[in-house]
Amino acid sequence: MKDLISKEQFLLRQPAYPQTTLTDPYYYRVANRLASIIANEGLLRGWPEQLQVRVALGLTGYLQDILTDAGLWRSFTAECRVLYGSWLPYYAIDDDYIPHELNELDVRFLIWYTLCMNSDDRRLTDPADQEIAAASRRLHAELDNIYEDPDAPMPEDYHISKGLELNNPAEADEVFHFGNWLFMHSYLLTPAYAMTISEMMASPAIRDDKSMESLRKALEESMMEDPTGPLALYLREWLFLIIEGKMPPAPKMKGEGREGEAPEHPYYTRFMSATGGVPIRYFRTYDELNRFFIDALGWGNEENLPQLKSHRDFVLLVNREKGMLAARDVARCINLPDNPYYDESYARNHAIDLLTVRGLCPGDLLRYVLERNGLPDAAFPGSEHRLSVADADFTARCYLQQYYRGD
């Protein structure tokens, strides 16, 4: 039978690429074995073949990582534990779960993550989807046979980060190579980057550049500036977690260390005066919003932000240093005090959009709302289970990336 995964597809996802290692043929066979099981046993039948192949490749990478304790999966689950008090999002962890070893829930999460991050029409599949659960049971059993096999060779290239020193100039090239592989080709970080790449490719400057030089530069800049992976961490954060086992020191904020505080933004001062010290305000119509701009903020007696006229239910939020942001078409989903426009029936169908549709809800506003448990109705389509605050935060990180974590 013809291999479902080509050697080039497999090798591209190996840390040593373009070099090869003696254990590559073994794990290439593992990847194709997983792909054959998915195809021949009708697992993930509702998903395209190319996504089934990505699942097989992703689970092979996970197995290699676990066998060598390379640090990718360990870093992800450890940071989940710090952020959410659990090794994984979405799933209840029982006593059978052993951190940093092969687990069926790990496999289940990775199947969901790989499929949804690379899909166009099924991006919002419920993590509790039963087709995914059934596939995880079968594929975990196959992986467990390899994991427990004393004759399975240890992957030679997955220890690429072992011994690296982030601050050693002599190892700068090796660290850059490792970071590039993490961002562009690893089983864990790369799937969440798919939407960012799609947005990048839609840019006219890149689309029209036949030499691909614009894309190369954009990718290099993105690698340095954008978060990625299921937790939307920046590359520096991932490197510190994987190589040093801890998050990097917090960057020094602008103005930090100077005497006194930065001056209040003028919009903040006027806004807080008009609302009696409340930093958030809701409006049903554009006319109400525009009247607030004129009366409270002192803007001109004309139509302000006319691009918002075709929308309804608005939210304004102010920050002492940043000033003010405006969001449209989201107020009905927000269940916070003083929001008279919250609509429970509407929120049940649309609150998930705030966590998954890029650009719909500004990151600062979404963080403000989640910190106050203001999206209690958020749920994946068809699911009976509302997302906890922790799972809502994870969902926003995973789907929105820089639109949630960026400034």
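Biologist: Where in the chain does Ala232 lie?

Modeller: Happy to start there. In this predicted model, Ala232 belongs to the loop between strand S1 (227–228) and strand S2 (233–234).

Biologist: What makes the phi of Ala232 worth a remark?

Modeller: Phi is near 50 degrees, which is a positive value in a residue other than glycine.

Biologist: And why does Ala232 count as buried?

Modeller: Buried stands for a relative accessible area under 20%. Ala232 comes to 0%, so the label applies.

Biologist: Which relative accessibility puts Leu44 in its class?

Modeller: Leu44 has 1% relative accessibility, and because the cut-off is 20%, Leu44 counts as buried. Its phi, near 55 degrees, is again a positive value in a residue other than glycine. You will find Leu44 in the loop between helices H2 and H3 (49–68).

Biologist: While we are on backbone angles, how do you know which form the peptide bond from Tyr17 to Pro18 takes?

Modeller: By omega, which is near 10 degrees, and the bond is cis. Pro18 sits in the loop between helix H1 (7–12) and helix H2 (24–40).

Biologist: Let's step back to the whole chain. How many helices and strands are there?

Modeller: The protein chain has 17 helices and five strands.

Biologist: How are the charged side chains made up?

Modeller: There are 41 positive and 63 negative side chains, with the centres of the two sets 5 Å apart.

Biologist: Why is strand S4 described as largely enclosed?

Modeller: S4 covers residues 314–319, and five of its six residues are buried, so the rest of the structure largely encloses it.

Biologist: How do you know that S4 pairs with strand S3 (residues 280–283)?

Modeller: Pairing calls for at least two bridges. S3 and S4 have four, in the antiparallel sense, so they pass that test. Ile280 stands opposite Leu317 in S4.

Biologist: What joins S4 to strand S5 (residues 323–328)?

Modeller: Six bridges, with the two strands running antiparallel. Leu316, for example, has Ala326 in S5 as its bridge partner. S4 and S5 form a hairpin, and three residues lie between them.

Biologist: Which residues is Phe109 in contact with, leaving aside its neighbours within four places in sequence?

Modeller: They are Trp73, Phe76, Leu88, Pro89, Tyr91, Pro230 and Phe394. Contact here needs heavy atoms within 4.5 Å. Phe109 and Leu88 are 21 residues apart in sequence, while their C-alpha atoms are 8.0 Å apart in space.

Notes
Residues are numbered from 1 along each chain as its sequence is written. This is a predicted model: local features need pLDDT of at least 70, side-chain atom pairs count only at pLDDT 80 or more; totals for chains, interfaces and linings use all residues. Side-chain values use heavy atoms; hydrogens and water are left out. Lys and Arg count as positive and Asp and Glu as negative; His and the chain ends are not counted. The place of a charge is taken as NZ of Lys, CZ of Arg, CG of Asp or CD of Glu. Buried means under 20% relative accessible area, exposed over 50%, partly exposed in between (1.4 Å probe, protein chains only).
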